[in-house]
Amino acid sequence: MPQINNQTRPEVTAPLSIAEAMGPPGPQSDEHMMVDVALSVAVSARVQHLVFHDEDGRCSGLVTQAELAAHRNGSSYTDHTRLRDLPCNRGPFPSTAEHLSDVEASMRHRDLRLSPVIDEDGYTLGVLGLTP
């Protein structure tokens, strides 16, 4: 008598889109914010990053709490250093129209763990994070 295989087949699922994979942007700041203030904001909000924007509200960068702390403790720090002066992730930023696998490959190539996701006008929609 033939045996019937009662095991269920693994369900094949479509890959996630960027919109499904990204998280909320979290607190955002102006690129003119001072580094020590930005670090305080990140610590107070209990977030590991801040997205900052230009005077038009378009995304201009993402800085991590670790990058802020390292800069503040570095020799080039002054109390007048602004977010716009930091060497951090300044793009190009992915949009929801791109394929997630392409964006992940680009982030790995650029050694980024986090990246803002923007709309077609450059405004922040969320943040995409890579798992190690």
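This is a predicted model: local features need pLDDT of at least 70, side-chain atom pairs count only at pLDDT 80 or more; totals for chains, interfaces and linings use all residues.
View 1. Helices (H or I, at least four residues) and strands (E, at least two) are DSSP runs, numbered from the N terminus. Read from that end, the order is α-β-α-β-β-α-α-β-β. Of the 132 residues, 35% count as buried, where buried means under 20% relative accessible area, exposed over 50% and partly exposed in between (1.4 Å probe, protein chains only). The protein exposes about 8,600 Å², with carbon and sulfur atoms supplying 51% of it; accessible areas come from the Shrake-Rupley method with a 1.4 Å probe, and for residues only the protein chains shown count as cover.

**View 2. The largest nonpolar core is made up of 12 residues.** A nonpolar core is a set of buried Ala, Val, Leu, Ile, Met, Phe, Trp, Tyr and Cys residues joined through side-chain atoms within 4.5 Å. Members of the largest one include Val35, Leu39, Phe52, Val63 and Cys88. Helix H2 (35-45) and strand S2 (49-53) are the elements that give two or more residues to this core, and H2 provides the largest share, 4 residues. Apart from it lies another core, of 8 residues, among them Ile18, Leu100, Val103 and Met107.

**View 3. Val63 and its contacts.** Contact means heavy atoms within 4.5 Å. Leaving aside neighbours within four places in sequence, Val63 is in contact with Gln48, His49, Leu50, Phe52, Leu68, Leu83, Leu86 and Cys88.

**View 4. Leu112 sits in the loop between helix H4 (100-109) and strand S4 (114-118).** Leu112 is buried, with a relative accessible area of 15%. Beyond four places in sequence, Leu112 is in contact with Asn89, Met107 and Leu130. Cys88 and Leu112 are 24 residues apart in sequence and 9.8 Å apart in space, C-alpha to C-alpha.

View 5. Thr124 is buried, at a relative accessible area of 15%. Not counting residues up to four places away in sequence, Thr124 touches Pro25, Gln28, Val51, Cys59, Pro116, Val117 and Ile118.

Notes:
Residues are numbered from 1 along each chain as its sequence is written. Side-chain values use heavy atoms; hydrogens and water are left out.
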